[in-house]
Amino acid sequence: MRQGSYEDPAALRDSFAGAEQVLLISGNDPAADMVGLHRNAVEAAVAASAGRILYTSQQGAVPGNPYRPSDIHIATEAILGDSGVAWTALRNGAYGPLDHLLGPWQRTGVIAQPEDGPVPYTDRDDIAEATAIILAGDRSFDGPVTLTAPTALTFDDFAKIACDLTGRTVERVVVNGKRWVADQVAAGVPEQVARHLLTWHQAARAGWFAEADPLLAELLGRAPRTAEDRLAAEIGI
Ligand SMILES: NC(=O)c1ccc[n+]([C@@H]2O[C@H](COP(=O)([O-])OP(=O)(O)OC[C@H]3O[C@@H](n4cnc5c(N)ncnc54)[C@H](OP(=O)(O)O)[C@@H]3O)[C@@H](O)[C@H]2O)c1
């Protein structure tokens, strides 16, 4: 095992030495210059003569998407495009834990979140498996590919699924964005982070994540795990 940090370009060149392919996991530190750190990593992979650089981007990482991290992914994909090395951007669907996404609905019976839009919520392990398949396989993907679950859902859909799974009434309540940020801050989330997260709801509402893509299922050779499966597992059904 070799250690490396995006903050130490010289050491990274040693980390990457001899690699045919380099998979860069994007960072998400809101206080860091993430584009600069990603540039360090790309330049180190180029200097180490990697044949291909893969990068964990995000679904809908295109200009105009209001979700703040999109800008980092767009800039990093541009750096990859200028690198002169073959590259693949894995534009992964949202794969965060559902309890973070939906809040304490199991206790309250209410999914109280800002107005949203359809998103193909994707299983983290499915993304990891597909990434390994791409890395180890013969098929090359040039530029961006989108990896998502096959069906886009809204919080309304989650409320219905939760009702069906539990037999309880689970209500969807739309919370005003300003109020939601205040609630998050009261719960201990730094205001900057809460505002940042709210841009995700805004992007979902505007349809930036609405399109599901069949490639994940194709790569896995099976149906990806659904949001229903994941919610059932989280409630222990
Ligand atoms: N969560 C989502 O729904 C989602 C969806 C699409 C895209 N993404 C993107 O995918 C990225 C990874 O997400 P994740 O949930 O897997 O994050 P994560 O669990 O926090 O993993 C981040 C990894 O980066 C490493 N790291 C942190 N700072 C580093 C540095 N300066 N140099 C080298 N490595 C460093 C961390 O190492 P240590 O463990 O040693 O700290 C960790 O292994 C996110 O940053 C985001 O850009 C996420």
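This is a predicted model: local features need pLDDT of at least 70, side-chain atom pairs count only at pLDDT 80 or more; totals for chains, interfaces and linings use all residues.
Numbering starts from 1 along each chain as its sequence is written.

## Overall build

The protein chain has eleven helices and six strands (DSSP runs numbered from the N terminus: H or I of at least four residues, E of at least two). Its radius of gyration is 19 Å, close to the 18 Å that the globule rule gives for 237 residues, so the chain is as compact as a globular protein of that length (taken over C-alpha atoms; the rule is 2.2 Å times the number of residues to the power 0.38). Along the principal axes, the C-alpha trace spans about 55 × 40 × 35 Å.

## α2 and its two partners

Helix α2 (residues 34-47) and helix α3 (residues 69-82) have axes that come within 9 Å and cross at roughly 25 degrees (lines fitted to C-alpha atoms over the stretch in contact, angles 0 to 180 degrees between N-to-C directions). That makes the pair roughly parallel (under 35 degrees; over 145 is roughly antiparallel, 65 to 115 roughly perpendicular, the rest oblique). The crossing is right-handed (near helix turned clockwise from the far one by less than a right angle). On the α2 side, M34, V35, H38, R39 and V42 meet I72, A75, T76, I79 and L80 of α3 (C-beta atoms, placed from the backbone, within 7 Å). By class, that's seven nonpolar, two polar and one charged.

Helix α1 (residues 9-16) also meets α2, with axes within 8 Å and a crossing of roughly 45 degrees, which makes α1 oblique to α2. This crossing is right-handed too. Here P9, L12, R13 and F16 of α1 meet N40, A41, E43, A44, A45 and A47 of α2.

## α8 against α9

Further along, helix α8 (residues 177-186) and helix α9 (residues 191-205) come within 9 Å, axis to axis, at roughly 140 degrees, so α8 is oblique to α9. Their crossing is right-handed. G177, W180, V181, Q184 and V185 of α8 make the contact with E191, A194, R195 and L198 of α9. Those residues divide into five nonpolar, two polar and two charged.

Terms used: Two residues are in contact if their C-beta atoms, placed from the backbone, lie within 7 Å. Ala, Val, Leu, Ile, Met, Phe, Trp, Tyr, Cys and Pro count as nonpolar, Asp, Glu, Lys and Arg as charged, and the others, Gly among them, as polar.
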